[in-house]
Amino acid sequence: MIRVFSFLTALFSVSAAHAQAAATSTVTTVSTTPTSTAGNLMQVTLGLLVVLALMAAAAWVLRRFNTAKGNNAAQIKIIGGVSVGNRERVVVVEIADQWIVVGVAPGRVNALATMSKQENKQETTLVTTDAPPSKNFSSWLTQTIEKRNGQ
């Protein structure tokens, strides 16, 4: 984007230098047609629209072909999550071939446990649990992790 702006700046400086050289030229030309204010305004407006269109096209091309950000995002997936409070959650995140159980709270993210990647049919049981959680969440989470690792 900086290259586009520097190119446009150089282009405008060259055209300004050319206009100044034409104004100071010793040869004078007499114009027989009066200058039209509406015509000049139309020319400036069209020029501005062309420049804005070129800038939009350059931004689109840079966003379209800049693939460095997109490759990293595909390696991390959120498998499921449970809300344990007003602003606290426990989330299972898949990174490569490993699942990480993460506790998320305002201002904190803690890894609670790690396990190997499970099969697809076990993913659905992780997201939808049939048994209601016990009153003590930490014991329920420990039992769930032990049950998953035992299978």
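pLDDT is the predictor's confidence in each residue, on a scale from 0 to 100. You are looking at a predicted model, in which local features need pLDDT of at least 70 and side-chain atom pairs count only at pLDDT 80 or more, while totals for chains, interfaces and linings use all residues. Residues are numbered from 1 along each chain as its sequence is written, and side-chain values use heavy atoms, with hydrogens and water left out.

**Stop 1: the whole chain.** Colour the chain by confidence. The mean pLDDT is 76, and 62% of the residues reach 70 or more. Now switch to a cartoon view and look for five helices and four strands. Helices (H or I, at least four residues) and strands (E, at least two) are DSSP runs, numbered from the N terminus. Followed from the N terminus, the order is α-α-α-β-β-β-β-α-α.

Stop 2: Select helix 2, which has the highest mean pLDDT among the elements, 92. Then select helix 4 (residues 120-127), where the mean is the lowest, 48. Where pLDDT is low, the predicted coordinates should not be read in detail.

**Stop 3: the core.** Select Ile79, Val90, Val92, Trp99, Val101, Ala113, Met115, Trp140, Leu141 and Ile145, which form the largest nonpolar core. Such a core is a set of buried Ala, Val, Leu, Ile, Met, Phe, Trp, Tyr and Cys residues joined through side-chain atoms within 4.5 Å. Buried means under 20% relative accessible area, exposed over 50%, and partly exposed in between (1.4 Å probe, protein chains only). Which elements each supply at least two residues of this core? They are strand 2 (89-95), strand 3 (98-105), strand 4 (108-116) and helix 5 (137-150). Helix 5 gives the most, with three residues. Across the 151 residues of the chain, 17% count as buried.

**Stop 4: a salt bridge.** Show the side chains of Glu94 and Lys117, which meet in a salt bridge at 3.3 Å, N to O. The term stands for a side-chain nitrogen of Lys or Arg within 4 Å of a carboxyl oxygen of Asp or Glu. This pair links distant parts of the chain, 23 residues apart: Glu94 is in strand 2, and Lys117 is in the loop between strand 4 and helix 4. A search of the whole structure finds one salt bridge. Is Glu94 buried or exposed? Glu94 counts as buried because its relative accessibility is 7%, whereas Lys117, at 39%, is partly exposed.

Stop 5: Move to Ala96, in the loop between strand 2 and strand 3. Ala96 has a positive phi of about 60°, although it is not a glycine. Most residues other than glycine have a negative phi. Ala96 has a relative accessible area of 55%, so it counts as exposed.

**Stop 6: back to helix 2.** Finish with Leu52, which lies in helix 2 (residues 37-65). Its relative accessibility is 45%, so Leu52 counts as partly exposed.
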